Amino acid sequence: MKKILTILMCLCMAVLAGGCGNSGSESTSKVLHYGTTAYGPAMENAGLNPHEAYQGWSAVRYGVAETLVRFNDAMEVKPWLADSWQFVDSHTVKLHIRDKVTFSNGKPLTAEAVKANFEDLLAVHNRAPKDLGIQSMEADGQYLTIRSANPATVLLTYLADPYSAIIDVSEKPQDGLYIGTGPFKATKVTEKSVSLVRNDSYWDGKPKLDGVEVTRITEGDTLTMALQKGDIDAAQGLPYNSLDLFKDTSAYTISSMPTSRVYQVAFNFNSPAMQDKAVREAIAMAIDKKQFAEVLLKGNGVAAVGPFPENMALGHMKLNAPTFNIEAAKKILADAGYKDTDGDGYLDKNGQPLTVRWLTYTSRQELPVLAEAAQATLKEVGIKVDVNATDAYRSVLKQGNFDVFAKAFVTAPTGEGSYYFKTNTLAGAVDNVGSYSNPRIQALMAELDQTTEPAQRQAIFQQMTQTVLDDGAFIYVAHLKMNLVMKHKVTNFKASPTDYYELNKDVDMVGK
């Protein structure tokens, strides 16, 4: 018995010394549990490969990879992995790659490694080649010289796009674990979550967190309850009507920032009904942008006119766009020959009912709300709306079984207007799902690519925006605020106007 008691006492002492096993390590470990609606297949960012679709957003958001340059809150280009640069001529920039930076696997970051990264990016990505317009690259020690078809100042803004995040392409990644230079490195990646641990060799100082668990939670009430119950420490994408639950500043912190993310409705020009400009104009007049922004978004949005918000220099445009007017919409349709011939409350023409197939998705929780609001106001005009809200929307887009497609899109993530027009309005562009085409847009883009003076570029952006509005190609409904909500113990976790800088070395968890 004495021997047994001695053994038990030793075991107790060992347990106490070890911090009581797992519970002790958990109490001292700083692991941030983060729930978000902005990760997953619907956003094309499920994964950490910057060279595929929009996965670069996840790689940068979650601190795995970094770009050569980045934006501050004023959307000015600032150094990051490149600590300086000089313009050799109007289309050439020579960048100095920061010394003593390593990838999270310990390999040094050299100009040659950066060049290899961009060569791989240009070979496989669907947007980067046109955006960057790289004609040649030359690596010399820590210097990388890039010549572009774009003005060098514009090239810099695209070097801040998340697809330009630098990864080690010298070895094949295992299980989707891409190697960057950021404060965290991934240990597990799925379509629903990302597990991260601290990168102890991070070039800019030791990260304060031991790790992060990022979890996709697309249902608003579930995300809200997870934060309330303490299952997560921070949340992105909470429904706007839930924000009032977290106004207790002693328990929660809300970081909010206006962004260029816009709720946009694109018309399908392959649809016979949408080829009628009168129909497009009537639909635009029947969308109550102000009510959506101020009431349905709880003031967390601003009614839009064009693709860029007024708080950005790009948004300083005098534009003519349809305004909410039910009676004017009715008149446009009546003048175009639409009537309710069978008395069912909905219009038809030549025996064909005027029905709009409204396609959207659910992972941006306010998009179904927008669809319901449009359905109600368009009914007043006499247009029937069939809503298809599905995160499997890509197959519907591919089949062409839609009349309008509503989505959330960041129009100026590089602080430069050409990004939006190149991705959404050029014929054959990757995000031009409605097959919109106008030779004037093509000509203006060609002119823009040869224009370096800011005021002249702004004038071209104005012409392009007005052309799109005159064509009735898109409806710009509202610009959104970015909200991050967190327990009060979470510090230095801040929203940014670009919507892709989130986790960094300074994010911390202090106290209880």
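Reply: Let's take the open sheet of four strands, whose order is β4-β5-β7-β6, with antiparallel pairing. Keep in mind that this is a predicted model. At the edges sit β4 (82–89) and β6 (134–140), each of which pairs on one side only. Going from one strand to the next, the twist averages 20 degrees.

Now zoom in on the β6 end. Here β6 pairs with β7 (residues 143–148) in the antiparallel sense, and six bridges link the two. As background, strands in a sheet pair through backbone hydrogen bonds, and they can do so in a parallel or an antiparallel way.

For another example of pairing, hop along to β12 (residues 252–267). Twelve of the 16 residues in β12 are buried, so this strand is largely enclosed by the rest of the structure. One of its partners is β19 (residues 474–487), which runs antiparallel to β12 and is joined to it by twelve bridges. Within that pairing, Ser255 has Leu484 of β19 as its bridge partner. β12 also pairs with β18 (residues 404–410), again in the antiparallel sense, over seven bridges. There, you can find Phe267 with Val404 of β18 as its bridge partner.

Notes
Residues are numbered from 1 along each chain as its sequence is written. This is a predicted model: local features need pLDDT of at least 70, side-chain atom pairs count only at pLDDT 80 or more; totals for chains, interfaces and linings use all residues. Side-chain values use heavy atoms; hydrogens and water are left out. Two strands pair if DSSP finds at least two bridges between them. Axes are lines fitted to C-alpha atoms, for helices over the stretch in contact, and angles run from 0 to 180 degrees between N-to-C directions. Buried means under 20% relative accessible area, exposed over 50%, partly exposed in between (1.4 Å probe, protein chains only).
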